[in-house]
Amino acid sequence: MKNPAIIGKSIPRMDAPAKVTGRALYADDLKMPAMLHGKLLRSPLAHALIKRIDVSKAKALPGVKDVITGADIPQVKYGNWRLVPQSQDELALAVDKVRFVGDEVAAVCAIDADTAQHAIDLIEVEYEELPLILSVEEATAEGAGLVHDESKGNVSLVRKIDYGDLEGMFAKADYIREDTFKVHPVQHAYMEPCSCVAHSEEANRVTLWTSTQTPYIVQCLLASTLGLPENNVRVMKVQVGGGFGGKMELRPWEFCASFMAMRTGRPVKFTLTRADELAFGRRRHPMSIYSKVGFTKDGKLLAKDFQVMLDGGAYNAMGPTATFLCGTFGNMLYNYPAYRYFGRHVYTNKPPASAMRGFGAPQAAFVAETQMNMAAEDLGIDPIDIRIINAMQTGDVIPDVATISSCGFKECLEKVREISGWDEKRKNPKQGKGLGIGCFSFISGGVFNWFNTKYNFSAAEVSVYEDGTAQLATMACDIGQGPDTAMRQILAAELGIPIENIRLIAMDTATTPKADLGSWGSRVTLMNGNAVIDAAKKIKEMLIPVLFEEMDLNQIHDIAFEDGRVFVKANPKKGITFGECVYKALRGRRGEPLTARGFYTPRNKGLVSPAFSFGAQIAEVDVDTGTGLIKVEKMYTAHDCGMPINKMAVEGQLEGAIQMGLGYALMENLIMDDKGRTLNTTFLDYKMPTAEDMPPGESADVFTYEPEGPYGAKEAGEGLAIPTAPAITHAVHEATGYRCMETPITPEKVLRALDKIK
Amino acid sequence: MAMPQFQVHQPKTLESVLDLLGRHRSSVKLLCGGTDLLIKMRAGAQAPEHLVSLNRVAGLKTISYAGGDGLVIGGAARISQVGKNAEVRRLYPGLAHACSVMATVQIRNMGTVAGNLVNAAPSADTAAPLLAYGASVVAVERGGRRQIKLVDFFTGPGLTVLEPGEMVEAIRVPDVSPRSGSCYLRLSARSKVDIAAVSVAGFLNLDLEGRVIRCRLALGSVGPTPLRCPEAEQILEGQTPDEKLIAQAAAACVRASRPIDDLRATAAYRRAMVQVLAQRVLTQSLDMAKGGTP
């Protein structure tokens, strides 16, 4: 199928000039007359009863306009999993009990930030300390205390998958291995710390400008916690400086800003610091994992038993979805005739883990890929060959999950073998150097409606004007990944007008069509892209009759929309400009504007996702065996994202993903003491790699055409964050013999494995 | 913590700086790059009522070198300025390296070498090479000047022998004789833009037969202050170094170190790395010294 020229082109992001010149407005840039500044009081203890809170000194401080505690707010718990109400376990401000260091206890707003902070320091709280639960093992031990008194145990959610004859398959296996793994917590470290401004002009109505990936979710949950109709809450666009899963829930400062804006009648702003984010913010789940896999002696996979405990921290957040997806990705990529997953999401007294780029899949893939390499080594099969033997392909069915409608995984494996010089380099191993492989698959948006939305998953509204321009309105969020450009490319392709002629209105819950579930799960390109196409088709249906009438066409003709013209496909000279066509349609409609809405909700696509991306990546490392330091010298990637909409945006996703995966494997780690306090709360000690650490990369395109995707596209955002860590850990093993079973790799771990530190 | 209120003074002469330091003795800090001070003030760790800026004082940024006399680094000379100085690069490569890899571009452009020393972090990157080059600090106050050997300067994390009212006017580094070699190596989790978890600096001067006339070795991030390693230096002095002797000297550096476990590395790793880095530093310094050019 041939796509229009604008599809698959490398188009610089349309928001880039504003962002690099500083013209783009983020939430913290918003300043309003009489605006108040909010600050939060957070718990210094990981688990304690609140015996008394005295806010009198804070209230008495000149300049302080409002002070609130848990006792002042409606006692309506919230959480993203509305489908399972008992999973909704959060209040914006703690009542009776704090559950992690950083749990929000009170909020203040004042005429300036210093005064607000001073007032926070004046609030007295008396706590009674409770025993701490800081690991999933402690939390699930017999007689363990409860993080949430009203729950039966500390396991907040269980997910089971079970198909095939597991015991029978293991009995047939020639080779079985059982391993345990531990993976550590890391943070999104988005460039923009969370920030929001709320204002209430009319009683019982509030507008919130916030740095979020999910305006619709924030709108709904804010309405329920404030006790307002959804329609009284408006969540609006600002630029978002990255999210990666960390900004997809209602958060306490969004509630407090809105609540206090309504109480004071003045705009209220909250902006978090980097230290707040690192110490108390959402993070990727640490997990304790047991995995047993069975193979034939020829390397054919027979069965897998996968048991995972996710350390969820004090609240569910997006943990339930991570628990589901960890199980789903425990058996992706390869065909497992029998598979059993037992995933438990466990409460502990730590800052809540939540969604983070890959959403349970990076951990599952780290384990699956590592065991694959161990099996390859023991069975004497090349690691790429053993993958090809088991690789999924188009048409494969994963029981109860999905049918794979497009899959270029085998091609990815072959391509990456070729561009990396895999065979050659493995034949001539060099001291301290190694190649390692990691593979991935990811969803293009989720099917499971955990938010229990009553609307379509994605929506778009297109209006066209007689000056040849169009307007696209959508609730989809550009959080830096590029849909503001990609969606306009799709509309430009459909209407055949220049992309510059399309104005975009995005992320406003009051004016953009209902609804969009947000930017997560790599859903926007496929889902919102389909909604844009749907709306464009409806617009074209309004325009096509104009041409038939004008040209007195036989009804068998087809009409094309290209190069700013509407014309007869068989005879391109017969046509008019797009603007003229709109003008004539407007006349024919006696002035009624040309506006159409399009929608998308996946149908007949199982419970997981309408489409899956695939890919393989090879890391080339050089280990200094004196110091244990690892230099990633080059990354090779082959990636099946269907037909990319914007090639440059996909390349950007790949580079960013390598940076994140490299940090995950080698540097980043949230380090906590035995009181549940995070110790590295600055970028000095939270070792996020910088541009200086980025290895050069080489990539090969593997194009498949995804029938469910817009112009054949599928996801290109999150999946790429999965393979880098397993590829690097494998490469380090090849270079040194050290097999990482507990992430991250540190120089010290390498040297201990080499017996250089006793 | 809310940032405290303070007053900023911007004198144009050293005399007025010293006057202000004397007058506000109990609650005054010098401000030049501010790269350490402002962060401490924001965190509430420092709350001076007066800040005296050196940025308008003439002549304090000068870096000068004279054969025989050595190098003089003005108290307000920026780290990047020192790192780019041609004489520093030619004669004091360990210092030049420290000044071009520590912290970040922005911090190097604002921060000063004197500030890096006065801040007295055990990990201060300029400290170890300056110790290895045998540097001294020129301290000045209203009453006069004194010269303090850098090896006697640090007394603990964040602590120096400077008295209230005193400031660093310059850093003096002795000239480098022919047949000298020197080197500074540091380890950090990130390849750049990071604080050193361990660092070693070395300086060697050879006689015509290839024997070590003078050796100085210094360590960073492995004790409460940057450290010299006298035992290791004595092992090498008067000897013709070979691989074995270098390993012995490195082992003596390990004995001089007093590392702790912290976020950045364990004590065990740091000890092992002092051995590895000291060997590498000595080997590279020796090569350079033998090459005839310092």
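At 0% relative accessibility, Tyr339(A) counts as buried (under 20% relative accessible area, with exposed over 50% and partly exposed in between; 1.4 Å probe, protein chains only). Tyr336(A), at 6%, is also classed as buried. The ring centres of Tyr336(A) and Tyr339(A) lie 6.1 Å apart with planes at 45 degrees, so the pair is tilted. Rings of Phe, Tyr and Trp (its six-membered ring) pair if their centres lie within 6.5 Å; planes under 30 degrees apart count as stacked, over 60 as edge-to-face and the rest as tilted.

The model is predicted: local features need pLDDT of at least 70, side-chain atom pairs count only at pLDDT 80 or more, and totals for chains, interfaces and linings use all residues. Residues are numbered from 1 along each chain as its sequence is written, chains are lettered from A and ligands numbered from 1 in the order in which they are written, and side-chain values use heavy atoms, leaving out hydrogens and water.

Over all chains, the search finds 20 aromatic pairs. In chain B, the rings of Tyr92(B) and Tyr133(B) have centres 5.1 Å apart and planes at 85 degrees, so this pair is edge-to-face. Tyr92(B) sits in the loop between α4 (86-91) and α5 (93-101), and Tyr133(B) in the loop between α8 (127-132) and β6, 41 residues apart. Both tyrosines, Tyr92(B) and Tyr133(B), are buried. In chain A, ring pairs join Trp81(A), Phe324(A) and Phe448(A) into a cluster. Arg159(A) lies over the face of Phe324(A), 4.3 Å from the ring centre. Lys247(A) is placed likewise over Tyr190(A), at 4.2 Å. For such a charge, NZ of Lys or CZ of Arg is within 6 Å of the ring centre and within 35 degrees of the ring normal.

Strand β19 (458-464) of chain A has 7 of its 7 residues buried, so it is largely enclosed by the rest of the structure. Helices (H or I, at least four residues) and strands (E, at least two) are DSSP runs, numbered from the N terminus. Ser458(A), Ala460(A), Val462(A) and Val464(A) point one way from β19(A); Ala459(A), Glu461(A) and Ser463(A) point the other way. β19(A) pairs antiparallel with β25 (594-600) over 7 bridges, where pairing requires at least two DSSP bridges. Here Ser463(A) is the bridge partner of Thr595(A). β19(A) also pairs antiparallel with β20 (470-474), over 4 bridges. Val464(A) is bridged to Ala470(A). The hairpin of β19(A) and β20(A) has 5 residues between the strands, and Gly468(A) takes a positive phi near 85 degrees.

β18(A) and β26 (612-623) run antiparallel, joined by 11 bridges. Ile443(A) stands opposite Phe612(A) in β26(A).

Chain A is assigned domain 1 (16-22 + 457-600), domain 2 (31-130 + 191-242 + 247-280) and domain 3 (287-448 + 606-753); the bounds come from an automatic or database domain assignment. The C-alpha centres of domains 1 and 2 of chain A lie 39 Å apart. Their contact (heavy atoms within 4.5 Å) takes 20 residues from domain 1 and 18 residues from domain 2.
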